[in-house]
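Please prepare a briefing on the domains, the chain interface and the helix packing of the structure shown below.

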Amino acid sequence: MGILNYTDAHHEFRERLRLFLEKEVTPNADQWEKDHIVPKSAWKKIGAAGFLCPWVGKAYGGPGLDFLYSVITTEEMMKTRQTGLVTMLHCDIVVPYIDSFGSEEIKQKYLPGCVSGDVITAVAMTEPGAGSDVASMETTAVEDGDEIVINGSKTFISNGINCDIVIIAAKDPAVENKHTAVSLYIVDDGTPGFTRGRHLEKMGMHSQDTAELFFSDCRIPKTNILGKKGDGFMMLMQKLQQERLMSAIGNVAASELILEKSVAFAKETEINGKPMSKLQSIKFTLAEMATDVKMNRIFLDNLIMGHMAGEHVIAETMMSKYASSEMVNLMVDRALDLFGEHGTLEDNLLVRDFRDLRIVTIFAGTTEIMKTIIAQSMGL
Amino acid sequence: MFELSKPQKEIQKAARDFAKGEFDKEIAYELEIKQAFPKKIWQKAADLGFLGIHYPESCSGGGMGVLENVLITETFCRSDSSIGSALVQATSASECILRFGGEELKNRYLPRLAEGEILSGRALTETQRGEDYLNIQTTAEKRGSTWVINGTKRYVENGGDPDTGLYIVLCRTSSDESSPEGGLSLFLVEADRPGLTTESVGKKLGNNLTATARLTLNEVEVPIENLLGDEGNGYACLEQYFVESRILAAAKAVGNAAGSLDRALEYIKGREQFGKKIAEFQVSQHKIADMATKVELARLVTHKAAWYFDQGKPDSTLSSMAKLTAGRAAMEVGAQAIQLFGGYGYMTEYDVERYYRDAKVIELQEGIKDVQKDIIARNVIGKIR
């Protein structure tokens with residue numbers, strides 16, 4: 001009962017991607033988890049194979065394909081047991097800022113590298129004192145002749161170590177209204193005054209390089225601005241919709257994989273001489289899990305259609321992000337219950353899911369922020 | 001029983017003071033990376049009499065009950081979930097010696113456990129899920145004045161730790177098909193017996209300060225007196241042991257949940273977003289109300305189960321209810337604590353993430369939820385026909 005219009009070309013892309021990931025990514029996952037980072041060469045390899053930013057237009061080095069290719073990539077990446085080569089963040093969350101708001105010069109300069117994997121991107125919004133409350137950021141951007149001078153610190157930045165460019169949100173201290181004070185800028189790696197802080201140790205997502213970034217009298221050309229000065233907050237809000245949709249796509253795909261593993265385990269395992277799957281409690285548990293996943297899947301696919309058609313689906317996106325992120329945590333929790341003591345050991349790959357997925361109710365907007373926006377949409 | 005006695009409150013305070021002075025999240029963090037037992041803290045805890053408080057005084061114990069043991073467990077795990085769990089697990093399954101062992105075995109080993117000289121290991125499970133006790137394949141065969149044991153055990157607590165001095169091993173002593181429950185027996189096997197080898201399972205989801213191993217017993221000989229309880233009575237002993245061990249597991253979970261709540265409370269009173277403390281948002285307040293309620297309910301049923309045990313009325317229904325309720329409370333309170341911390345909750349710097357990982361391990365040990373529900377249902381429903 002799939003409702004998305006996948007063509008043969010989409011299926012062929014998925015198959016090609018799957019083979020690539022099975023050969024070039026999944027076998028490295030354990031090493032990357034140990035290293036707490038992915039080598040930059042992995043980005044170049046996946047870029048060279050044609051799987052980065054498939055939506056970028058031909059004028060900028062991309063094949064100009066539709067959003068379903070991003071959906072496919074996000075789903076297939078969930079099978080790779082690693083979170084460092086995070087194509088969803090680069091391709092579908094950060095690079096769209098450059099494409100939508102960058103000047104022609106900026107687009108020519110960066111987009112081809114984003115497609116080839118030579119330019120790894122990050123977006124820096126969160127600060128030590130500004131998490132859910134994005135507007136209270138304190139990083140400043142002050143004009144000085146042809147340059148912008150940036151000062152401040154950002155935290156929890158994914159791709160923080162590997163990034164070649166970072167899109168930073170900073171405010172003009174002269175503007176009082178905090179919603180119109182924020183602008184977005186591109187800062188290149190190696191710009192004097194831009195340094196990395198700690199490579200942060202997290203509960204999970206160990207192959208993902210999450211870091212603090214510091215800006216101290218960091219000077220960038222004025223032309224590195226994205227969009228108009230003062231439009232930063234509006235641009236963030238506009239792009240957060242796709243960010244949250246991507247998050248929901250990842251959550252539903254992860255849930256489907258967890259369900260698949262749980263069903264397989266229940267079929268192949270015996271308790272006191274009987275297959276586990278014959279126990280009524282196990283059957284019902286799996287039936288409940290399957291129902292949750294399917295309901296989320298249908299809602300999500302419908303939402304993807306709306307998103308692709310350019311419909312106004314903000315509240316629905318928040319609903320999907322909220323529901324799927326809570327669901328996937330419940331899924332992995334229940335799956336570990338099926339495994340019993342085996343659910344405590346690192347060699348059970350669901351243990352990695354348990355650690356990795358705990359963040360999804362927090363990042364890209366917490367469940368509380370999602371509910372706030374949903375309530376607003378109802379005029380509350 | 002709604003108020004602890006004065007001596008019980010004193011024990012609680014002593015445990016709190018000890019934990020405050022000795023436990024440290026940096027130490028826990030380093031030990032988790034190294035997967036090392038908190039040896040120094042363990043020996044100090046033993047010196048101060050926190051280990052084996054439920055053993056008789058003649059065995060270097062405190063001569064007290066399960067409730068006192070629960071109070072120490074809860075307090076330790078609240079102060080630091082991983083260090084606390086490790087200290088509780090130092091005497092893993094030693095209750096099998098205490099409750100079923102002969103006088104000589106008790107006098108030989110309980111003092112060494114209480115004094116922090118050795119750790120004990122628990123070697124019961126063989127299957128992947130860890131509950132299939134009727135299908136035990138490890139055998140013990142009587143040859144003259146010794147028992148000869150062969151088999152492999154999974155998820156052996158303290159397995160392979162250099163300080164582990166003995167293991168409690170569940171074996172099949174007869175293959176009577178008509179009564180699988182009757183063919184099992186429990187043994188004490190010293191760790192240095194020839195033929196006993198361990199293989200670490202490596203890193204775990206949580207509870208990483210204690211070793212877990214696969215234990216292989218190849219023609220391991222133990223003397224006749226190492227049999228715990230009567231021959232063929234192992235399953236009954238095990239069921240009795242679980243009534244006590246599940247109360248302790250519940251106490252770990254209560255401590256874990258209370259510890260997550262403590263940390264979340266401290267954080268939300270300090271952190272501001274949208275111009276207000278997180279604690280000033282009604283939704284945060286209601287989260288805290290739910291969390292505090294869950295901790296209190298878990299504590300009540302756990303204390304009640306311990307109190308009944310100490311009154312000479314061990315109640316498997318209450319023990320399973322305690323394990324079920326407290327395990328869930330630790331998970332739910334832990335998840336909400338991380339949520340209240342936001343992104344910081346996901347960082348190892350704030351230890352709520354470690355509490356949450358430890359909570360899942362506690363929930364999966366000592367019988368998963370379905371096992372507890374099977375027991376509770378059997379007791380509550382009784383005979384159907």
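How many residues of domain 2 of chain B are in contact with domain 3 of chain B? The contact involves 12 residues of domain 2 of chain B and 10 residues of domain 3 of chain B, where two residues count as in contact if their C-beta atoms, placed from the backbone, lie within 7 Å. This is a predicted model, in which local features need pLDDT of at least 70 and side-chain atom pairs count only at pLDDT 80 or more, while totals for chains, interfaces and linings use all residues. Residues are numbered from 1 along each chain as its sequence is written, and chains are lettered from A and ligands numbered from 1 in the order in which they are written.

**Domains of chain B**

- Chain B is assigned domain 1 (6–114), domain 2 (120–232) and domain 3 (235–381), with bounds that come from an automatic or database domain assignment.
- Between domain 2 of chain B and domain 3 of chain B, the C-alpha centres are 30 Å apart.
- The side of domain 2 of chain B that touches domain 3 of chain B comprises six nonpolar, three polar and three charged residues; here Ala, Val, Leu, Ile, Met, Phe, Trp, Tyr, Cys and Pro count as nonpolar, Asp, Glu, Lys and Arg as charged, and the others, Gly among them, as polar.

**Overall form of chain B**

- Chain B contains 12 helices and 10 strands, these being DSSP runs numbered from the N terminus (helices H or I, at least four residues; strands E, at least two).
- The C-alpha trace of chain B spans about 80 × 55 × 40 Å along its principal axes.
- The radius of gyration of chain B is 21 Å, which agrees with the value near 21 Å for a compact globule of 385 residues; the radius is taken over C-alpha atoms, and the globule rule is 2.2 Å times the number of residues to the power 0.38.

**Domains of chain A**

- Chain A is divided into domain 1 (8–119), domain 2 (123–230) and domain 3 (234–377).
- The C-alpha centres of domain 1 of chain A and domain 2 of chain A are separated by 23 Å, and their contact takes 24 residues from domain 1 of chain A and 19 residues from domain 2 of chain A.
- On the side of domain 1 of chain A that touches domain 2 of chain A, two or more residues each come from helix H2 (29–35), helix H5 (87–101) and helix H6 (104–116) of chain A, and the largest share, seven residues, comes from H5(A).

**Interface between the chains**

- Contact between the chains involves 33 residues of chain B and 34 residues of chain A.
- On the side of chain B that touches chain A, helix H10 (316–341), helix H11 (352–364) and helix H12 (369–381) of chain B each supply at least two residues, with the largest share, four residues, coming from H11(B).
- That side of chain B has 13 nonpolar, 11 polar and nine charged residues.

**Helix packing**

- Helix H7 (residues 232–268) of chain A packs against helix H10 (residues 349–357) of chain A at an angle of about 155 degrees, with their axes 12 Å apart; axes are lines fitted to C-alpha atoms, for helices over the stretch in contact, and angles run from 0 to 180 degrees between N-to-C directions.
- H7(A) is therefore roughly antiparallel to H10(A), since angles over 145 degrees count as roughly antiparallel, under 35 as roughly parallel, 65 to 115 as roughly perpendicular and the rest as oblique.
- A:Ala254, A:Ile258 and A:Lys261 of H7(A) make this contact with A:Leu350, A:Asp353 and A:Leu357 of H10(A).
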